[in-house]
Amino acid sequence: MERTLVLARHGQSDWNLKNLFTGWKDPDLTEQGTAEAIAAGKKLNDMGMKFDVAFTSDLQRAQKTCQHILDGVGQSDLTTYRDLALNERDYGDLSGLNKDDARKKWGEEQVHIWRRSYDVPPPGGESLKDTAARTLPYFITDILPQVMAGKSVLCAAHGNSLRSIVMVLDRLSREEILEVNLGTGVPIIYKFNADTTIASKEILG
Ligand SMILES: O=C(O)[C@H](O)COP(=O)(O)O
C-alpha cells in the first residue's frame with residue numbers, strides 16, 4: 001500500500017481506567033488496552049496491511065500498542081523509532097489528578113478549557129499548540145518523508161500528540177480540533193497523493 005500512514009492512539013492505560021490526567025507519566029496498558037491493541041493489529045492484518053517502518057513515543061503505553069499491532073500484522077521485528085516528540089501533551093500539575101476531582105476543584109468549564117482549548121496550557125504543562133510545536137517538526141522531518149517515499153508507516157502515539165497531526169492532515173481550524181477525540185486503540189488510515197494532499201481517510205472503529 002503506497003504512501004500510507006496509520007495513526008493509532010494507544011489502548012486504554014491504567015490511568016485512563018482510573019480517570020487520571022496522565023501526560024508524560026508512564027502507566028502500562030490495562031488488560032482491555034492490550035486487547036484493543038491486539039484487535040487493532042488483527043483488523044489491519046485482515047485488510048492485508050504491511051508496514052515499512054514504525055514510529056512511537058517514549059512512553060510504554062504507546063510502545064506496547066505499537067508492538068501489539070506489529071505482532072498482529074506478522075512484523076514483530078520491524079524497525080521502530082521511539083521519540084519523545086510523539087509523547088502525550090504534558091499535563092503539568094494536573095498529572096496524576098482525578099479528572100472528576102479536578103472538575104470539582106476548578107469547575108467543569110476551566111477543566112474543559114485545559115483539556116480541549118488550542119492554546120491554554122494546564123498549570124505547568126503544555127497546550128495543544130505547545131504539543132504541536134514539538135510533534136509537527138518531527139512529523140515533517142522524520143515521518144512524512146517516509147510516507148512520501150511511497151512507504152507504509154505506522155505511528156502509535158497519544159490522544160493529543162496525534163490530534164496535533166490530525167489537525168494538519170484534516171486542515172482543521174483551532175475551533176474544529178476541539179471537537180476531535182481519538183478512540184483508544186482505533187487505527188486511522190490515511191493515504192496520500194503525490195502532492196502530499198490526502199487521498200483518503202478511514203477510521204477502523
Ligand atoms: O494524558 C491523559 O490524561 C490522556 O491520555 C489524554 O487526556 P485528555 O483526553 O484529557 O486530553
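**Legends to the close-up views**

**View 1. Strand β1 beside strand β5.** In this predicted model, strand β1 (residues 4–9) and strand β5 (residues 187–192) run antiparallel and are joined by five bridges. Strands pair here if DSSP finds at least two bridges between them, and the strands themselves (E, at least two residues), like the helices (H or I, at least four), are DSSP runs numbered from the N terminus. Within this pairing, L7 stands opposite I188 in β5. Residues are numbered from 1 along each chain as its sequence is written. Local features of the predicted model need pLDDT of at least 70 and side-chain atom pairs count only at pLDDT 80 or more, while totals for chains, interfaces and linings use all residues.

**View 2. The hairpin of β5 and β6.** Strand β6 (residues 198–203) pairs with β5 in the antiparallel sense over five bridges, and I189 has E202 in β6 as its bridge partner. The two strands form a hairpin with five residues between them, and in the turn T196 has a positive phi of about 75 degrees.

**View 3. The chain around these strands.** The protein chain holds seven helices and six strands, which follow one another along the sequence as β-α-α-β-α-β-α-α-α-β-α-β-β. Its C-alpha trace spans about 50 × 35 × 25 Å along the principal axes. Of the 205 residues, 40% are buried, a residue being buried if 20 or more other C-beta atoms, placed from the backbone, lie within 10 Å of its own. Among contacts (C-beta atoms, placed from the backbone, within 7 Å) between residues at least 6 apart in sequence, 75% join residues at least 24 apart.

Conventions:
Buried ≥ 20, exposed ≤ 12 C-beta atoms within 10 Å, placed from the backbone. Contact = placed C-beta atoms within 7 Å.
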